[in-house]
Amino acid sequence: MAHVSSGTYLKKLHLKEFVFHKTLTLSALLIIVLLLGIFLTLLVSSFPSIKALGVKFIYNKVWDPVTDEYGALPFMTGTLMTSALAIVISTPFAIGIGLFLGEYYPRGWISGIIKNAIELLAGIPSVILGFWGMFTIVPIIRTIEMKLGVTPYGVGILTASIILSIMIIPFSASLIRLVISMVPLHLKEAAYSLGATRFEVIRYVIIPYVKSGLSAGILLALGRALGETMAVTMLIGNTQIIPKGLFSTGNTMASVIANEFTEATGNLYFSALIEIGLVLFVVTTIINMIGVRIIKRFES
Amino acid sequence: MESPILKTVDLNAYFGKTHVLKNVNLEVQKNSITAIMGPSGCGKSTFIRCVNRLHELTEHATSDGQISLNGEDIYKMSPTLLRRKVGMVFQRPNPFNTMSIYQNVIAGYTLNGNILSKTDKDQIVEESLKQAALWNEVKDNLHKKGTFLSGGQQQRLCIARSLAMKPALLLLDEPTSALDPISTSKIEELLLEFKSSYTILIVTHNMQQAGRVSDYTAFFYLGELTEWDKTTTIFTNPKHIQTQNYITGRFG
Amino acid sequence: MREGIRYREFKNLAFRILVILVVTISVAPLIAILVYIFKQGISVINWGFLVHLPKPVGETGGGILNAVIGSFLIIAVAALIAIPVGVTVGVYFSEQSKTGIFRTAHLAVDILQGIPSIVIGIIIYVWFVKPFGKFSALSGSIALALMMLPSIIKSTEETLKLVPLSLKEASLALGVPYYKTIISVIIPAGLSGILNGIILGIARVSGETAPLLFTAFGNPFVNFNILKPTASLPLIIFNYATSPYDEWHKLAWGASFILVVVILVLNILTKIAEKKWKVQF
């Protein structure tokens with residue numbers, strides 16, 4: 001027999017096993033508590049604003065810290081416009097990349113280069129992209145605005161949307177590439193054996209098959225776009241009015257928080273900004289959850 | 001007869017609601033080799049996994065009945081301590097691939113926090129590797145990782161690792177079914193050589209192997225221990241029709 | 001009317017060209033950005049740039065030492081917080097079956113991953129800045145740690161799930177207790193994947209600005225005290241880029257260059273580590 005087995009040794013063993021198991025479970029509970037804490041903190045800190053402003057918060061278009069009147073409509077509009085535009089601009093590119101990497105060139109050195117390039121693009125920090133946009137995209141937009149006779153701010157909804165679309169392309173592209181590569185070979189071969197061209201296989205077999213995956217990709221990209229802060233803050237012009245068109249300046253929910261949070265003196269001001277954060281949290285969570293659920297269903 | 005090393009009384013095992021072992025009553029004598037045989041799915045692996053209480057680690061797996069090792073009820077002892085007294089070698093060799101050969105052999109001690117002197121460790125490693133007939137092939141490479149070893153050598157490493165613990169009972173679950181014929185015969189030789197120091201239970205679906213190596217054979221069919229006797233008796237004069245059919249190759 | 005074969009083949013080719021074109025245009029901003037950062041940044045980088053502090057407006061020269069050290073400090077502390085918690089939760093996920101706690105915690109991690117970084121900043125402000133009345137590197141680290149957690153947890157879980165059952169059974173069959181098996185056998189076997197996830201998490205948060213805006217806040221001087229406000233590379237880029245001074249813009253380009261290089265190096269490290277440390281099973 002190899003070991004001495006005594007009573008105290010066993011007791012110590014049981015204790016160690018117990019501590020180990022409990023630590024694991026506790027860590028999982030910690031995450032749950034953390035998340036609840038985040039939600040509750042947002043809720044509780046928004047109370048003063050919810051109480052004072054009520055539902056008007058959502059449709060009031062005036063945001064004036066001086067008179068303590070807070071309506072979030074300008075920022076919700078700003079967020080909606082920039083995100084929607086960014087999705088519209090980026091989706092064709094994301095689908096193109098997804099087809100390129102998932103269907104046309106799934107292996108080989110070209111695939112490697114493009115894949116790494118897209119990953120690299122995803123890794124560039126938002127603040128640097130915004131910085132770059134200030135010196136490259138803004139002058140271009142300014143020239144266009146002058147030609148069109150609009151006020152040549154340079155910054156504004158369109159500019160912010162362009163940078164935003166660049167930022168979310170890697171995100172939706174990788175997801176779309178994934179679902180495209182999961183199309184079963186036998187379905188494609190069935191179409192080829194009937195004499196279809198590659199384009200027709202893509203159009204009539206692959207795209208319909210991945211439709212739900214595509215919508216999940218768009219949804220998740222939307223979730224990302226809604227929360228994007230830095231690049232948007234640097235390129236949207238930071239005004240409190242509802243943007244009227246592509247070339248107007250404005251603000252998004254995320255950018256107004258970034259701009260004004262440290263200056264928010266006064267309880268109501270502070271609480272109103274946090275309420276915007278609460279709305280952001282709820283909306284992005286719902287969108288992400290729907291997207292994740294769609295993917296899970298697609299995988300099974 | 002001396003008292004048996006291992007005795008099971010009315011052992012039953014289940015996966016959820018599926019009844020995979022039915023009222024198994026078996027005795028294993030000291031310093032003998034007992035072969036556990038039967039067609040696929042008859043419960044052989046489940047049986048030995050009950051002996052070292054590995055069975056209960058699977059989700060929804062349960063068992064009832066009595067198993068005693070040297071007279072002690074194994075369900076009354078700590079499973080960790082039980083497993084130090086019972087060694088197991090698996091079907092696919094599974095040396096720890098983050099450890100060197102030396103560290104693999106001594107793993108049973110070091111992982112359990114036993115502090116041994118270097119001389120003690122060296123001695124245990126050499127003794128175990130010699131018993132597993134692997135010493136000469138690896139003695140100059142003890143501190144390399146075992147990934148360069150062939151399948152047969154890796155399996156002998158796993159045997160050495162189990163032997164290092166000086167177990168009262170050694171369980172082997174189809175240890176040579178993944179190996180080539182030469183490695184297989186080397187391992188069979190091993191078992192015959194160290195049977196005088198150990199007691200061995202070997203699950204095998206290879207009848208010739210059972211015939212070559214074992215003193216006793218236990219035959220399982222659909223979860224029941226239908227027959228158990230000296231190997232020579234089972235092979236020449238089986239009492240049950242299933243045993244006879246299996247031996248003559250009617251099913252396998 | 002059925003389309004002629006030549007027309008169909010033409011559409012096929014046209015589509016393929018379209019896809020290639022689209023991909024090229026998508027990659028173009030990347031190249032443009034990298035080239036621009038490189039051109040602007042390389043002229044600013046010199047030894048003085050790295051070891052000096054920023055000078056007041058009007059004076060030339062100056063550097064970003066405060067931001068370099070600050071970033072390092074904040075991220076190091078963030079990693080110290082996030083790694084133990086993340087790996088532990090990852091182990092729990094890989095070993096557990098689908099109990100209620102498992103499902104809820106898994107959902108919580110998914111939600112955490114999707115929270116906008118500015119919201120994380122708000123939360124940490126309310127929890128750690130407001131009650132103490134001051135900004136601090138520590139609060140910035142906690143915010144970044146929260147953002148690192150999901151990637152560390154997920155990569156730990158996925159790596160450990162890939163470790164074959166036979167390794168665990170070999171250890172258990174030797175009489176090694178369960179907790180020791182996990183700590184001394186399973187985790188070492190999956191170490192490369194876990195480390196990968198950690199490096200990736202670090203790469204991701206090193207460029208984050210929003211969570212630091214109202215936590216670490218920034219500091220014109222070098223600071224090693226984690227209870228004081230501290231500078232960091234993304235913060236300094238943001239502040240200098242949005243300032244009206246050309247001199248400061250130059251500094252921001254230099255800082256951007258360094259930040260991009262660091263992130264690039266970290267990403268390359270993960271790719272190398274993945275290939276080199278991959279333990280064969």
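**View 1. The crossing of α7(A) and α8(A) is right-handed**. In a right-handed crossing the near helix is turned clockwise from the far one by less than a right angle. Contact comes from A:L187, A:K188, A:A191 and A:Y192 of α7(A), and from A:V201, A:Y204, A:V205 and A:Y209 of α8(A). Residues are in contact if their C-beta atoms, placed from the backbone, lie within 7 Å. By class, this contact has seven nonpolar, no polar and one charged residues. Nonpolar means Ala, Val, Leu, Ile, Met, Phe, Trp, Tyr, Cys and Pro; charged means Asp, Glu, Lys and Arg; the others, Gly among them, are polar.

The model is predicted: local features need pLDDT of at least 70, side-chain atom pairs count only at pLDDT 80 or more, and totals for chains, interfaces and linings use all residues. Residues are numbered from 1 along each chain as its sequence is written, and chains are lettered from A in the order in which they are written.

**View 2. Domain 1 (7-53) and domain 2 (58-299) divide chain A**. The bounds come from an automatic or database domain assignment. The C-alpha centres of the two domains lie 34 Å apart. Nine residues from domain 1 of chain A and 10 residues from domain 2 of chain A make the contact. On the domain 1 side, six residues are nonpolar, three polar and no residues charged.

**View 3. Chain B touches chain C**. Here 20 residues of chain B are in contact with 20 residues of chain C. Helices α2 (79-85) and α4 (107-110) of chain B each supply at least two residues of the chain B side. Helices are DSSP runs (H or I, at least four residues), numbered from the N terminus. α2(B) gives the most, with four residues. The chain B side has eight nonpolar, eight polar and four charged residues.

Note on methods
Two residues are in contact if their C-beta atoms, placed from the backbone, lie within 7 Å.
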